[in-house]
Protein chains: 2
Amino acid sequence: MKIAIVIFDKFTDVDLFLMWDLLNRVRVENWEVKILGEKESHISVTGISIKTHGRIEEANDANAVLFVSGQGTREKMRDENWLKKFALNPEKQFVGSICSGSLILAALGLLEGITATTYPTSKTALESFGVETIEKPFVAHGKVATAGGCLAQQYLIGWVIENLADKSWSDLILKSIQPVGEGLFFDDAENLSRLYTPVIKAQTV
Amino acid sequence: MKIAIVIFDKFTDVDLFLMWDLLNRVRVENWEVKILGEKESHISVTGISIKTHGRIEEANDANAVLFVSGQGTREKMRDENWLKKFALNPEKQFVGSICSGSLILAALGLLEGITATTYPTSKTALESFGVETIEKPFVAHGKVATAGGCLAQQYLIGWVIENLADKSWSDLILKSIQPVGEGLFFDDAENLSRLYTPVIKAQTV
């Protein structure tokens, strides 16, 4: 399975790294997660430089394509040269966004005729594409999903992992980040070790 | 205010980036957040390379010092050359950890005689330092705090921001990452804009 996370300059740090970290906890054969961009590296909104593992065109062959959020979405949603590199097929590929990443899904025409969610400060911009917004953390229609609010990545990534691996992986991985005493317990230690077996590290990029 | 986040090789990605992102949403004068390490850059457990903003010795002058987690803590908790570079003062500095970062607090002698929390898979190692572990997301004694489970960073960072900025900042920042419809709402857009004013970006590193 190939999962592509698409970034750009001025992305929101936690909206890349929460999904990246969760997706990298899956330990199944040929599970590959890549950060894609149009450059060798991109700079987050706080100034962190992150190397990409490949170019955005690779997203067109991925099983799942996820768009991060950030101030950069305002520029990317109007960048025709960038947008035209994507040829995503929502019949075959899972496509999702967190927060203002929904603006890119809209610009790619992937939200036509369906409802979506986004970050509160991006609601007006999303509606300007003619998309009806709804105040929910996660909205999925077939293989296209939007999530709003950084921690709603849990719903989005749970959906991807459940569909591309299975529910036992998504349940365990979402459990693994909960606060101790509030969803995660000391007695879970043995189960959690499934996620940290270094043996299968080579499968991640 | 100077906040230091201490990293090392094989750190857990989200345990750096959730706190980094939240701390960078504070918009008060002279608020400075730095990622410190013993090298120019460190590699996360998933292979992400992150440049540091300074060396670990700078932590000794910070108002708050936060230790991230990850497989690397097992090596660092025994690395005498590394540990001896810290001269932290828990009477003056706020010192905290997420997940297995507690092992470093223990190795530095900062958990002597107090209870602490940690990640389930680090409980035995923490207890080997003679520390009594309790199954809670966040345990603070004076200016020393431990948090367990990635998302318990919310408690840890809320505590730091409330103490070094004020409660209105911690409340707004913790709200800003909640899922839409579950703690964050479309009507919050105007309040949230306080966190995204680019004017004060220069205060972050």
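Reply: Happy to! One definition first: a polar contact is a pair of N or O atoms within 3.5 Å, and within protein one of them must be able to donate a hydrogen and the other to accept it. Please keep in mind that this is a predicted model.

The backbone oxygen of A:G70 lies 2.8 Å from a polar atom of the A:T73 side chain. A:T73 belongs to helix α2 (residues 73-76) of chain A, and A:T73 is buried, with a relative accessible area of 0%. Setting aside neighbours within four places in sequence, A:T73 is in contact with A:F8, A:V68, A:S100, A:G101, A:L103 and A:I104.

Another element of chain A to look at is helix α7 (residues 167-176), whose buried residues are A:W169, A:S170, A:L172, A:I173 and A:S176. These buried residues of α7(A) pack against α1 (13-23), α6 (153-164) and α8 (189-192) of chain A.

Now to the contact between the chains. Chain B and chain A bury about 4,100 Å² between them, with 66% of it on carbon and sulfur atoms. In chain B, the residues losing the most area to chain A are B:E135, B:L151 and B:F186, together 18% of what that side buries. The contact takes 50 residues from chain B and 50 residues from chain A.

As for polar interactions, 20 residue pairs are in polar contact between chain B and chain A, counting pairs with both residues at pLDDT 80 or more.

Which elements build the chain B side? α1 (13-23), β4 (49-51), α6 (153-164) and α8 (189-192) of chain B each supply at least two residues of the side that touches chain A. The largest share, six residues, comes from α1(B). By class, that side of chain B has 26 nonpolar, 15 polar and nine charged residues.

Finally, the symmetry. Chain B is superposed on chain A by a rotation of 180° with 0.0 Å of shift along its axis, and the RMSD is 0.0 Å. The two copies are therefore related as by a two-fold rotation axis. The same surface serves both copies, as 100% of the contact residues of chain B recur in chain A. Of the residues of chain B, B:F17 comes closest to the rotation axis, with its C-alpha at 3.2 Å.

Key:
Residues are numbered from 1 along each chain as its sequence is written. Chains are lettered from A and ligands numbered from 1 in the order in which they are written. This is a predicted model: local features need pLDDT of at least 70, side-chain atom pairs count only at pLDDT 80 or more; totals for chains, interfaces and linings use all residues. Side-chain values use heavy atoms; hydrogens and water are left out. Contact means heavy atoms within 4.5 Å. Buried area is the accessible area (1.4 Å probe) that two parts lose on being put together, summed over both. Helices (H or I, at least four residues) and strands (E, at least two) are DSSP runs, numbered from the N terminus. Ala, Val, Leu, Ile, Met, Phe, Trp, Tyr, Cys and Pro count as nonpolar, Asp, Glu, Lys and Arg as charged, and the others, Gly among them, as polar. Buried means under 20% relative accessible area, exposed over 50%, partly exposed in between (1.4 Å probe, protein chains only). Copies are superposed by least squares on the C-alpha atoms of residues with pLDDT of at least 70 in both.
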